[in-house]
Structures are given as structure tokens and as C-alpha cells.
Amino acid sequence: MKKLEVLLGAALLMAAPEAFAETVRRALVIAHNGSDDPSLAPLRYADDDGVLWAETLKRLGVETTLLVDPDDSTRQAGSLMLQSAQPPTRAAVEQAVKRLQAAALADRAAGRQTDVLIVYVGHGNTDSAGRAYFTLADARLDRTSLYAEVVDPMGADYVHVIADACRASGVVGRRGGTPDAAVLAELRGVLAREQLTSRPNVGALFAESEDGETHEWSRIRAGVFSHVARSGLLGGADINGDGQVEYSELAAFVAASLHGVKGLPARLSVNAFAPTAAPRRPLVGPAPEGPRVTFPAGFAYARISVEDADGQRLVDVRRSEQQWTRILLPPRDVYWVRAPNAEARLTLAQLSAGTPELRPRELQERGPAEEALRRGLFSVPLDRPFYEEYVAAAGLVPVDFTGLQTPVIGGSLSPLAAAPSGWTSGLELGLGAGRSPLGLAKFATGPSLSWRTPSSVHLLYYGARGAYGVTPLASRDGIRLHRFTVEGLVGLESPTRVPLFAEVGVGWGLLGLTAPGFRQADPLLLTGHVAAGVMGRLAGMKLRLSAQVGLDRVTANGQTGTDPQYGLEVSLRR
């Protein structure tokens, strides 16, 4: 058993770098529908976007402060994030910055790194002197105050600014300022590359169009750019499957998602400036355990959206044919997973049942502008060729694909496609073969039934396993050996973001011997084993291949001793 304890300790040490991450992420989300310019009508969905941003970041493990003044419909939706939200005033911004600054100083003293995301959703405009600003409930954030009063005082190691500054009108509203070239240049300068080069630890991501406007869409009850960016952070942009989203990934995902939109007055584009001190600094990830849905390679539908029971669109993705995709979801009691012509209703508990089965549904279309977005938005998948071409053209630093065993997006796929960490609970049926007990024959074989579920500790899981093995030809006299075991399991999966696992099992068993007219058994068999192997997929089933080594404490012929066990097992789960 000492060997067992040593291997379990080694497994926990392997989990430590991910389970006890040294980076702390926090966020300040500012959302405001109103404008201080009488010529600009209030926005419809900036407050909804603010709540969804807060829910998204919280799901991704980011401690989030929300400043928003919700309208009646947003308030009635009852998001828990509104319980601690404050109005987006200058005083509230100053207080939030002071709290984040104090937290960053405490983290630095404790040896931890800190990242802060600043998300602004609302009106962007310019004053009479041509200075660009973002609108608060009682003040303005121009270029000087944004950096001097919000970004710089944070005291964080890295700051990431995401801006969706715009205005709305009609079913497909337009967000933005007056489309004058000089005014647009000034507004764009609030997050310009020149401003960021003097701050190597600051990055920014924002959208614009040829006339300086981005868009809201009533069908998703959100700003288009904000919705696309959230979908990317929740997993749609994670092209190399490492559980983190970098600037190049998110920018490429937004670009791919907007690429097919036609029929609007101006084409949307994305601007991404990663921190020059760390171009590959992730914005988020790895995420804690929580609601998620996985679509394996070969899944029948490429265009997927997830909505809640109130019809609020949470995530959209467009997958390539051989793309494995895992989507993280903000907590809800009920989810609707939808494709263009099929859908499935899932409760929170049903998310763990595996890939959802979609059933046919009717499709309704409304209006030419909405049709342009419905057909064009998310019509292009973020596959590897698109990603590499976009990153090269944009001059961004690409992610690392080496050493990762997730399916190659946009390329060929072997029959055994790699699976990620974070498998959900479920029963697995296995078949094993190994050394015969007591060495009475060359091998024993038999079935097993296992149940595994994630624990609250990142990357670790627990479960139970029952196995039966029989030695088919122990002797010519018809003697058979039967071994039945029940064990509790503790394991570690994907410790380095590759589909490997290691586990330890300890339990009780029975060893029996049968022959014509004769039966004998030891019902007090103590057993334990260690196993390691690889996870993947085969013909749409979840597959686990493992090698096992163990010890039985068995009494035979009046003497008690240890009997070594070793073998191989393959198990499958739908």
C-alpha cells in the first residue's frame, strides 16, 4: 500500500499548479443605457449586456463588480448579479477602483499575480472640443480620465479593456457616434494603439465599422459585439483546447463570427491590441467546474446556440465538421440548445447526460435586416486555417498548438479523438484482461462497471468501480477462479491539458474457486490498485483506455499474503 500512497501523492502534486493557480482575475463591468446628448436615444440592451457580462465572467472564475442602472425588464429578469450592483456613477467607479487596487496590493504581497478586466457597454460620443468619451450616469470618461482614474490606479499586473460603446434604434439598432471621419478618429483613439504602447501591461479589444458604429439586435437582446465576445470567452474561441482564451483567439473568433454578415450599412470589424509585455497573456481561464455542454467531432450540427428559459441568448458558436467544442454556461435551471432546424430542452441536471439529442423545430424569419444578421452572424467557423490567416494578417502572437492532444480544428482526425478535462458524471462499461489470481493461469478476463464524477477540486474526480474476472481455463479438471471487487476511486484527469488520467482505487472483494462438485471462497479480500491511461472518443462514445497494477490481500491454503494484479482495461460511455 505504500506504493499506492506514493502514487496518489504524486497525482495530487501534478494537480497543484492548476488547482492552486497563482493568477487572480477580477473585473469591473460598467453598463449604461442613457446618454447625456439629447440627440442620442437611450440604448435598449446595454444594461442586459452588463448583467450578461457579469454572469459570464463569474462563470469563468472572475471576481466581478457590476455597475449598472437596469431598466424594468432587466430588473424583472431577477439576475443574482443585480443584488450587489451599483449605479454607474463617477463615485461608484472611484470606489470600485479603490477596492480593486487594495485587493491587487494584497495579492502582490502574497506573491500572486493579478489581472483586471474592464468592460464598458454604453454610449460613445465626443464633446464640443472633439474629445471622445464614454458616458456614465452622471459623468464622462474621456481618454485622460479612463487611463488616469480607472486603468492606471488598478495596481494589477495586467489590465484588459473591452469596450462596446454604441447607440440603438429599431429592431436592429446602431451603436456609435456621429459618422464624421475626424470625430470617429478621436473616438477610436480612446483605445488606440498609440495610447497602449506606453502601457505594456494593458491590452484592449473593441469593435467598429466603416462608419464607426456597431449594432444591437433584438433577437439576442444584446449588442452583437458583446454577444460574440462572450461566446468566444465561454469556449467558442478556445481553438487549441487549453482552457484559456488569448487575444489572438478571441479576436479571430469575433472576426470569423462577423465575417459572413452582409446587408448592413457598414461592415463590422474587430480591433485587438494584446499587452506588449505579454502578447499571449490569457484574458480568462482555466474556468472552475460548472455547467457546460460538449459537442464532439462529427456532431450533426455546425451552428449552435444556447438560450435560457426566458429566451435570453447565452452563447453562439459555429463549428467546423471535425471540431470538438466545449461551451461553458452561466447557471440556469433550464437551457435550450438550438440549431437552425433542431433543438433540445435540457435541465441543469441533464447537462451531465452527455451530448444533447436535438429534435426538429420550425424556423421563423423576420425582416431583411434581421435576416442579414441571422444568416450572416456565426456563418463562418473559427477553424485553424481561418485562425492562422487572421492572426498573420492582424500581426497577433498565435497560441501554442504543440503538445496538445485535442482534435486538430480544420484538419484530419484519427478514429480516437482526444477528449478534454471536465467529463461529466456517468456510468462506464468496461472489459478487462490481466494476470490470473494466484498465478494459476496465464490470464483472467471479465467486465467492469464504473461511475466517476468531478469533485470540487479542479482536475480531480471520485467514483466507484465494480469488476468481475474469471480465469477461463485454470486446469483441465474444470477448475475456475472467480474474482469480484468493489472499490472507491479518486483520480486526476488532464493534469497538463492533455487527455490523460491517473487514479487510485481501494476496496473489498471476493475470490472464489469452483470445480465440479466443489466450491471455496475468501469473502474478505482487501484490494487496491493504481491505474493510468488515456481518454478519447470512438464512434461517438467516450472511451477510456487504462493500464492497472494492484495488490490483493488473500487467504489461500490457510496462509494470508499479497497477490499482485496487473492488466489492461477499455471502457465506453455514451
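The cut-off for buried is under 20% relative accessible area. Keep in mind throughout that this is a predicted model.

So who does Arg292 pair with? Its salt-bridge partner is Glu289, and the closest N and O atoms of the two are 3.6 Å apart. Glu289 comes out at 31% relative accessibility, so that one is partly exposed.

Next pair. Arg452 and Glu428 also meet through their side chains in a salt bridge, at 2.8 Å from N to O. Arg452 sits in strand S22, which covers residues 444-454, and Glu428 is in strand S21, residues 426-434, so this pair ties together parts 24 residues apart in sequence. Buried or exposed, these two? Arg452 is at 6% relative accessibility, so it's buried. Glu428 has a relative accessible area of 3%, so Glu428 is buried as well.

Now over to Asp107. Its salt bridge is with Arg26, and there the closest N and O atoms are 2.6 Å apart. What does that pair connect? Asp107 belongs to helix H4, residues 90-109, while Arg26 belongs to strand S1, residues 23-31, so the contact ties a helix to a strand across 81 residues of sequence. Both Asp107 and Arg26 are buried.

How many salt bridges does a search of the whole structure find? That search gives 28, and the pairs I've walked you through include Asp107 with Arg26 and Arg452 with Glu428.

Let me zoom out to finish. The chain has 574 residues, and 55% of them count as buried. On secondary structure, we've got 11 helices and 28 strands. If you take the contacts with a separation of 6 or more, 69% of them are between residues 24 or more positions apart. As for the surface, the chain exposes about 24,600 Å², with carbon and sulfur atoms supplying 56% of that.

That's my tour, so over to you.

Conventions. Residues numbered from 1 in each chain as written. Predicted model: local features only at pLDDT ≥ 70, side-chain atom pairs only at ≥ 80, totals over all residues. Heavy atoms only, no water. Helix = DSSP H or I, 4+ residues; strand = E, 2+ residues; numbered from the N terminus. Buried < 20%, exposed > 50% of the residue type's maximum accessible area, 1.4 Å probe, protein only. Contact = heavy atoms within 4.5 Å. Areas by Shrake-Rupley, 256 points an atom, 1.4 Å probe, with all protein chains shown as cover. Salt bridge = Lys/Arg side-chain N within 4 Å of Asp/Glu carboxyl O.
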